Amino acid sequence: MPTLGQIMCSEIGEDRFRTTGAFALREERVTAMKLATGAPCDSHGAMFAPWPGPETDVERWYLLESGRAVGVAGAESDAPRLHLCEAGTS
């Protein structure tokens with residue numbers, strides 16, 4: 001399984017990732033990626049799940065081994081934002 005650092009560095013760039021609160025979690029393994037927006041078809045329904053945090057602008061999120069979640073918002077813009085959710089997710 002890739003680490004959060006491996007995924008985020010390739011998605012948003014290492015320099016941008018370093019300036020986020022999620023950078024401290026960079027060595028944690030990602031156990032799942034979920035899409036928070038879109039319309040799932042029957043064969044891909046497991047990939048979709050609501051973001052467990054309070055933010056409403058998350059497009060996709062990653063579940064970490066620790067149970068924390070990191071959500072990506074504004075991925076299409078020049079400055080994607082990462083949101084952290086400390087609550088247990090499933």
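**Strands and aromatic pairs in a predicted model**

Biologist: Happy to look at this with you! Which residue in the turn of the β2 and β3 hairpin has a positive phi?
Modeller: This is a predicted model. Four residues lie between β2 and β3 in the hairpin. The one with a positive phi, about 95°, is Gly67.

Biologist: Nice. Which residue is the bridge partner of Trp61 in β3?
Modeller: Strand β2 (residues 58-64) is joined antiparallel to β3 (residues 69-73) by five bridges. Across from Trp61, the partner in β3 is Gly71.

Biologist: And which residue of β2 does Leu35 stand opposite?
Modeller: Strand β1 (residues 30-35) runs antiparallel to β2, with five bridges joining them. In that pairing, Leu35 faces Arg60.

Biologist: Is β2 largely enclosed or largely open?
Modeller: Burial here means under 20% relative accessible area. Six of the seven residues of β2 are buried, so the strand is largely enclosed.

Biologist: Now the rings: how are Phe17 and Phe23 arranged, edge-to-face or stacked?
Modeller: The model has two aromatic pairs. Phe17 and Phe23 make one of them, with 5.4 Å centre to centre and 70° between the planes. Both residues are buried. Planes over 60 degrees apart count as edge-to-face, so this pair is edge-to-face.

Biologist: How many residues apart in sequence are the parts tied together by Trp51 and Trp61?
Modeller: Their ring centres are 6.0 Å apart with planes at 70°, so this pair is edge-to-face. Trp51, at 10% relative accessibility, counts as buried. Trp51 sits in the loop between β1 and β2 while Trp61 belongs to β2, so the separation is 10 residues.

Methods. Residues numbered from 1 in each chain as written. Predicted model: local features only at pLDDT ≥ 70, side-chain atom pairs only at ≥ 80, totals over all residues. Heavy atoms only, no water. Buried < 20%, exposed > 50% of the residue type's maximum accessible area, 1.4 Å probe, protein only. Helix = DSSP H or I, 4+ residues; strand = E, 2+ residues; numbered from the N terminus. Pairing = 2+ DSSP bridges. Phe/Tyr/Trp six-rings, centres within 6.5 Å; stacked < 30°, edge-to-face > 60°.
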